[in-house]
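Please keep the sequence and the 3D view at hand while reading, and check each point against them.

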Amino acid sequence: MIGTVSVFLAACGGGDKPKADVVETRITQIGVNGFLWRASLDTVSFAPLVTADSAGGVIVTDWYATPDNPNERVKITVSILDQDLRADALRVAASRQIAQGGGWVDAPVKAATVQKLEEIILTRARDLRRTSIVN
């Protein structure tokens, strides 16, 4: 009887927990969270890239001017700081210049602009994660 119970318990796997069929918030095939990485690339895809380092989690765009306003240009740097999909794992910085006297002069960037970019990236990353759970 004791032998039968021990065989039954051994078959239960002891302390092994079943793995949930849920997509993790941590993606480790690249150096940073894959959802944040993809969302960041999607969000800044309007501008040419200078650097896209998935191991270090840094994306830097080149200067970009819209056709509607060629006298103003922006440059964006996105840093992904963690492998988890969290708001504090993302940092966006932007530089802005305006054409003046035949050259480019640094100009302030509204804090709301950077915050809006972060919100767009985070929303897109969450959407990508949700889509991967469904599929």
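This is a predicted model: local features need pLDDT of at least 70, side-chain atom pairs count only at pLDDT 80 or more; totals for chains, interfaces and linings use all residues.

1. Two residues are in contact, in the sense used throughout this note, when they have heavy atoms within 4.5 Å. Leaving aside its neighbours within four places in sequence, Leu90 is in contact with Ser40, Val78, Ser79, Ile80, Glu118, Ile121 and Leu122.

2. The protein chain has three helices and six strands, and read from the N terminus the elements follow the order α-α-β-β-β-β-β-β-α. Of the 135 residues in the protein chain, 24% are buried. The accessible surface of the protein chain comes to about 8,900 Å², and carbon and sulfur atoms account for 54% of that surface.

3. Which residues touch the most other members of the largest nonpolar core? Among its 20 residues, these are Leu36, Val78, Ile80, Leu90, Val92 and Ile121. At least two residues of this core are supplied by each of α2 (34-43), β4 (69-80), β5 (90-100) and α3 (111-134), and the largest share, six residues, comes from α3.

4. The strands β1 and β2 deserve a careful look as a pair. They run antiparallel and are joined by four bridges, and Thr51 stands opposite Val60 in β2. The two strands form a hairpin with four residues between them, and in the turn Gly57 has a positive phi of about 75°.

5. Apart from neighbours within four places in sequence, Thr61 is in contact with Val44, Ala47, Pro48, Leu49, Val50, Lys75 and Ile76.

6. The structure holds one aromatic pair. The ring centres of Phe46 and Tyr64 are 5.2 Å apart and the ring planes stand at 70°, so the pair is edge-to-face; the cut-off behind this reading is that planes over 60 degrees apart count as edge-to-face. Phe46 lies in the loop between α2 and β1 (49-53), whereas Tyr64 lies in strand β3 (residues 64-66), so the pair ties together parts that are 18 residues apart in sequence. Phe46 is partly exposed at 38% relative accessibility, and Tyr64 is partly exposed as well, with a relative accessible area of 23%.

7. Turning to charged side chains, the general idea is that side chains of opposite charge can pair when their charged atoms come close. A search of the whole structure finds seven salt bridges. In one of them the side chains of Arg38 and Asp42 meet, at 3.1 Å from N to O. Both residues, Arg38 and Asp42, lie in helix α2, four residues apart, which is about one turn of the helix. Arg38 has a relative accessibility of 47% and counts as partly exposed, while Asp42, with a relative accessible area of 24%, is partly exposed too.

8. How are Asp82, Asp84, Arg86 and Asp88 linked? They are joined in a network of salt bridges. Within this stretch, the side chains of Asp82 and Arg86 meet in a salt bridge at 3.3 Å, N to O, and those of Arg86 and Asp88 meet in a salt bridge at 2.8 Å, N to O. Asp82 is partly exposed, with a relative accessible area of 22%, and Arg86 is partly exposed at 36%. Asp88, at 53% relative accessibility, counts as exposed, the cut-off for that word being over 50%.

Methods
Residues are numbered from 1 along each chain as its sequence is written. Side-chain values use heavy atoms; hydrogens and water are left out. A nonpolar core is a set of buried Ala, Val, Leu, Ile, Met, Phe, Trp, Tyr and Cys residues joined through side-chain atoms within 4.5 Å. Buried means under 20% relative accessible area, exposed over 50%, partly exposed in between (1.4 Å probe, protein chains only). Rings of Phe, Tyr and Trp (its six-membered ring) pair if their centres lie within 6.5 Å; planes under 30 degrees apart count as stacked, over 60 as edge-to-face and the rest as tilted. Accessible areas come from the Shrake-Rupley method with a 1.4 Å probe; for residues, only the protein chains shown count as cover. A salt bridge is a side-chain nitrogen of Lys or Arg within 4 Å of a carboxyl oxygen of Asp or Glu. Two strands pair if DSSP finds at least two bridges between them.
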